[in-house]
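Notebook open, structure loaded. I'm jotting down what I look up as I go.

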Amino acid sequence: MTLNTVKNKYYYIAGAILLIALAIVSLYVGKYPLSMEKLLSGDDLQWRVFLTLRLSRTVVGIMGGFALGVAGFVFQTVFRNALASPDIIGVSSGASAGAAAGILFLSGSLAITLSSFAGALGAVVIALFLSSLDKSGKNSTIVLAGIAVHSLAQTFLMCLKLTADPERELASIEYWIMGSLSGISGYSITANLILCILCLCILFLLHRHVIILSTEEGEARMLGVSVTTLRLIVLLTATLTVASIISLTGLISFIGLLAPHTARLLTKENRIQTMLLSGFLGGILLCGADILARSVSATELPVSIFTSLLGAPFLIYLILQERRSL
Amino acid sequence: MKFFTVNDLSVSYGKHEILSRLSFETNTSETIGILGANGSGKTTLLKAICGILPHTGTCILEENLLENKTPKQLAKLCSYIPQRSGISIDISVLDTVLMGFHPHLGFLEHPSMEMKEKAISLIYKVGLSGKEHTNYLHLSEGQKQLCILARTLVTDSKLLLLDEPESALDFHFRYQMLSLIRSWNRENHSTALVSLHDPMLALNSCDRLLLLADGHISSTIFPQTDTLSSMEEKLCHIYGNISLHHCVNKSGQKQIVMLKENLFEGTD
């Protein structure tokens, strides 16, 4: 079967257009109605809502989805496993534990962001350090270390929950874990977004290396790659990308798994464009889910409900299509 | 100074020594076959030379000590074909072959137009013409090997290490692959170390054969000049009771044929 590059080009274009369209919708939808006329006439309140609430929320929705999609692509490729995601080396459980600690012992949303970021990074650094103790440099060692760190972080989180005040603190921990874009506003996001964009740039520049990492260890080495060092850099960068987002939004399930998988099923390729498409799909999914989360009912719903509701049937459809074409 | 020298090479897995103090030298343009029973250390030897396996001893290619090189420098000097490539993601044949240029590219560089043309010409040369945009994973095992061979040849490295490249190929492709490697070595003044399963293929297409047994090179065969009886005696240690004969094919080329003696009489 020949790889269809012409058809794939349409996927990239369609993905980009859909993403932009959703971004525009996302700027408008919300409790406070915005109108183009009032914005153009310089209405102060309209502009404040637009800049501090809508714009930042839309930017995080798109960037966040994009980052999760790209990071998921990198993880699946490096681990040669379609089920791999940043979670397997402990990033999400580390972030949850960090956020819980932040909610209990610190105050303010910035502090919670910082402590969940520290938790995510800490978990991954420990996992990678543990795996580096095994000199054979196998992928499976990293996964095992990740599972160990993941369960440690879960235990730590459980202990924190036990000490939490069930009325306020426990509820905020649970709500954080469910993930939402509702708390995002103003300028608190700048540092995270800059870090995220920086890491994404590095991942795209390293794309060729990521593909070579997907071959067998010895083979990659003979193609001139220092496997252990490069894998460490790639995994850390991908983790930083994810951590910079989920420390703002809380856990967002499924995008890191679904977006790259869909991009691959659609294009049947693993080129830099596929990675980009995976990012587009992630952005579409998160932005779309967020629009639904804030418009379906009177109260805000957790965004993960909709990422799964939108994503899962689509993935199942693609897999069934794939089966039929074989 | 020889083109490529291996000195006192030893490899152990734990306490178990696979190769012990192995030494040999090669000239340019040589195609050297490595024969040995299963588990005699053919793969280990190739992996040690290209630095994937830790070892003692030295490998020197044109005054370059291979042990001192970074992976990138090493990949420029020699290239290696594993028994089976680990590629498990959807990727086109062309992109697979272009991977071979990786050590020659700067950090942010992309394969140039010339590199693409060269890759395509090699895809033609190994007999995969028209398959540039085919998904690598949809190729047959033999075609995959040919694709990886193209990836190896594309970089003009001076030392080719090939681990049973013929194992998945059928009769016709086996001879085609080996004759390709031979003529490549002559044209590019490179040397190939090829571990082989098929002794007849080895006898008819290599300049020299190293026979591995018990972690040593038990003997060396020069198929073009050695007498049949001396080769028979050396090969008996690996393949049991066999005999060698000269045969001439219809186009008048002399070939060596290996026959099993005492056929169907169980182990001898």
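Predicted model: local features only at pLDDT ≥ 70, side-chain atom pairs only at ≥ 80, totals over all residues.

How many cavities of 30 Å³ or more does a search of the whole structure find? I get one.

**Entry: the cavity**

I looked up the volume, and the largest cavity comes out at about 100 Å³. From chain A I noted A:Glu219, A:Met222 and A:Leu223. From chain B the list runs B:Ala75, B:Ser79, B:Tyr80, B:Gly100, B:Pro103, B:Arg151, B:Thr152 and B:Thr155. Going by elements, α10 (217–222) of chain A gives two or more residues to this lining, and so do β6 and α5 of chain B. I also sorted the lining by class and got five nonpolar, four polar and two charged residues.

**Entry: a pair I wanted to check**

Two names in that lining, A:Glu219 and B:Arg151, made me look at their side chains. They meet in a salt bridge, 2.6 Å from N to O. How many salt bridges does the rule find across the interface of chain B and chain A? I count two there. Over all chains, the structure holds 18.

**Entry: the interface**

I went on to contacts and found 37 residues of chain B touching 26 residues of chain A. The two chains bury about 2,700 Å² between them, and carbon and sulfur atoms give 61% of that. Which residues of chain B lose the most area to chain A? I wrote down B:Pro71, B:Ile89 and B:His102, which together make up 23% of what that side buries.

For polar contacts across the interface, the rule gives me six residue pairs, both partners at pLDDT 80 or more. On the side of chain B that touches chain A, the elements giving two or more residues are α2 (71–77), β6 (78–81) and α5 (141–153). The largest share is from α2(B), with four residues. By class, I have 18 nonpolar, 13 polar and six charged residues on that side of chain B.

I picked another salt bridge, the one where the side chains of A:Arg57 and A:Glu300 meet at 2.8 Å, N to O. A:Arg57 sits in helix α3 (residues 44–78) and A:Glu300 in the loop between α13 (272–295) and α14 (303–325) of chain A, so this pair ties together parts 243 residues apart in sequence.

A:Lys268 has phi near 55°, and I find A:Lys268 in the loop between α12 (255–267) and α13 of chain A. B:Asp156 has phi near 60°. Where is B:Asp156? I place B:Asp156 in the loop between α5 and β7 (159–163) of chain B.

Conventions. Residues numbered from 1 in each chain as written. Chains lettered and ligands numbered in written order. Heavy atoms only, no water. Contact = heavy atoms within 4.5 Å. Buried area = accessible area lost by both parts, 1.4 Å probe. Salt bridge = Lys/Arg side-chain N within 4 Å of Asp/Glu carboxyl O. Polar contact = N/O pair within 3.5 Å; in protein donor to acceptor, adjacent residues only side chain to side chain. Nonpolar A, V, L, I, M, F, W, Y, C, P; charged D, E, K, R; others polar. 1 Å grid on protein atoms, 1.4 Å probe; cavity = no way out; pocket = protein on both sides within 12 Å on 5 of 7 lines; lining within 4 Å. Points joined across faces, edges and corners; volume = space filled by probe spheres on them.
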